[in-house]
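I opened this entry to look up a few things in the model.

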Amino acid sequence: MRGRVPEMLLGVGFLGIMTTLYLGLNWAPSVSINAFESPAAQRIFYWHVPSAWAAFIAFGVLFVGSALWFFKRSPMGWRLHVAGTEASLACGLMAVWSGCVWGAAEWGTPWDWTDVRLNTFGLLTLLALFLVLGRQSQPDGVETRDTFSTFGLFGFVLVPLTYIATRIWQIRHPGPVIAAGDDSGSLQSEMSLVLLIGALSFTVFIIGHMLISMRITHLEQRLESVQKSLDGGN
Amino acid sequence: MEEINLEGTVYLTVAYLGMIAGLAIWTWTVVVRSRSIEQRLAAVEDSIGLDAEQADNVAEQSVAETSDDATD
């Protein structure tokens with residue numbers, strides 16, 4: 001039972017995500033047609049924001065894992081690093097994809113190269129892509145782990161920069177709609193509830209994914225060492 | 001009756017289908033990879049008569065050696 005916790009989290013998270021989809025499409029109120037070019041497409045928001053939230057959790061795990069490996073040489077730290085990169089990439093791509101589709105509908109362009117928020121988040125996702133592809137193409141070893149951990153540590157600088165980007169330079173990307181610090185970002189209660197369900201569901205889902213990813217890395221290490229001992233290397 | 005904005009709905013559908021497909025493919029890949037490696041490991045451990053606890057010790061020694069190499 002205990003060994004299947006990640007799969008259970010995945011299942012619960014997935015159900016929650018589907019519930020968010022249903023509520024976002026059928027229950028959440030429509031936005032004003034005067035405030036948006038494409039009010040129907042605005043419902044992407046109920047997945048875009050939670051996936052970006054989950055991406056930030058994953059970037060946090062990547063940072064902690066990188067630090068644990070780099071400074072403590074912790075095998076658990078390396079597993080967290082690997083799980084964090086894969087989850088960051090998946091959630092980052094979902095946020096970028098949904099943002100591009102919404103941008104195409106609302107702004108008439110999927111991307112704005114002058115918008116700081118879009119570009120810093122895009123860079124974070126590219127960093128995750130680099131780490132995933134790089135790790136797959138390099139033999140596992142201390143030097144490889146050190147190199148990728150360094151990228152994980154320094155790349156995290158982009159996270160607070162992304163967070164404050166729309167507060168300092170609001171160009172295209174909308175400003176904060178929750179925790180804005182004033183009344184400008186308030187949401188209707190139904191919208192907030194769907195968003196909360198979405199954020200919780202994506203959080204549970206991403207934790208399930210990271211636990212499975214950590215298990216895979218652990219099993220790969222075990223398989224490698226058993227094969228080494230079979231070859232007489234140990 | 002509320003007017004249906006077809007263009008916006010098309011964008012919405014494209015976005016959601018892309019994300020659902022992405023989530024499904026990613027989850028499927030990870031679960032299959034986990035099962036596959038579990039089976040491979042069980043087969044190797046069975047073939048040499050090693051139980052999971054012993055295998056973990058071997059793995060920990062190996063990781064410790066890798067870490068030691070870094071400090072050399």
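**Entry 1: one valine.** I picked A:Val101 and found it in helix α3 of chain A, which covers residues 75-106. I keep in mind that this is a predicted model. Is A:Val101 buried or exposed? A:Val101 is buried, because its relative accessible area is 7%, and the cut-off for buried is under 20%.

Next I asked which residues A:Val101 touches, leaving aside neighbours within four places in sequence. I got A:Ile44 from its own chain, and B:Tyr11 and B:Ala15 from chain B. I also looked up a distance to A:Phe156, which sits 55 residues away from A:Val101 along the chain. The C-alpha atoms of the two are separated by 26 Å.

**Entry 2: cysteines.** How many disulfides are there over all chains? The count comes to 0. I then checked A:Cys91, which is in no disulfide; its nearest cysteine sulfur belongs to A:Cys100, 16 Å away.

**Entry 3: the interface.** I moved on to the two chains together. In chain A, 47 residues are in contact with 40 residues of chain B. Chain A and chain B bury about 4100 Å² between them. Carbon and sulfur atoms account for 72% of that area.

**Entry 4: chain A as a whole.** I counted 7 helices and 0 strands in chain A. Read along the sequence, the pattern is α-α-α-α-α-α-α. The C-alpha trace spans about 70 × 40 × 30 Å along its principal axes.

I find that 53% of the 234 residues of chain A count as buried. Chain A exposes about 10900 Å², with 67% of it supplied by carbon and sulfur atoms. For contacts in chain A between residues at least 6 apart in sequence, I get 75% joining residues at least 24 apart.

Last, I looked up the charges. Chain A carries 14 positive and 15 negative side chains. The centres of the two sets lie 10 Å apart.

Key
Residues numbered from 1 in each chain as written. Chains lettered and ligands numbered in written order. Predicted model: local features only at pLDDT ≥ 70, side-chain atom pairs only at ≥ 80, totals over all residues. Heavy atoms only, no water. Helix = DSSP H or I, 4+ residues; strand = E, 2+ residues; numbered from the N terminus. Buried < 20%, exposed > 50% of the residue type's maximum accessible area, 1.4 Å probe, protein only. Contact = heavy atoms within 4.5 Å. Areas by Shrake-Rupley, 256 points an atom, 1.4 Å probe, with all protein chains shown as cover. Lys, Arg positive; Asp, Glu negative; His and termini not counted. Charge placed at Lys NZ, Arg CZ, Asp CG, Glu CD. Disulfide = S-S within 2.5 Å. Buried area = accessible area lost by both parts, 1.4 Å probe.
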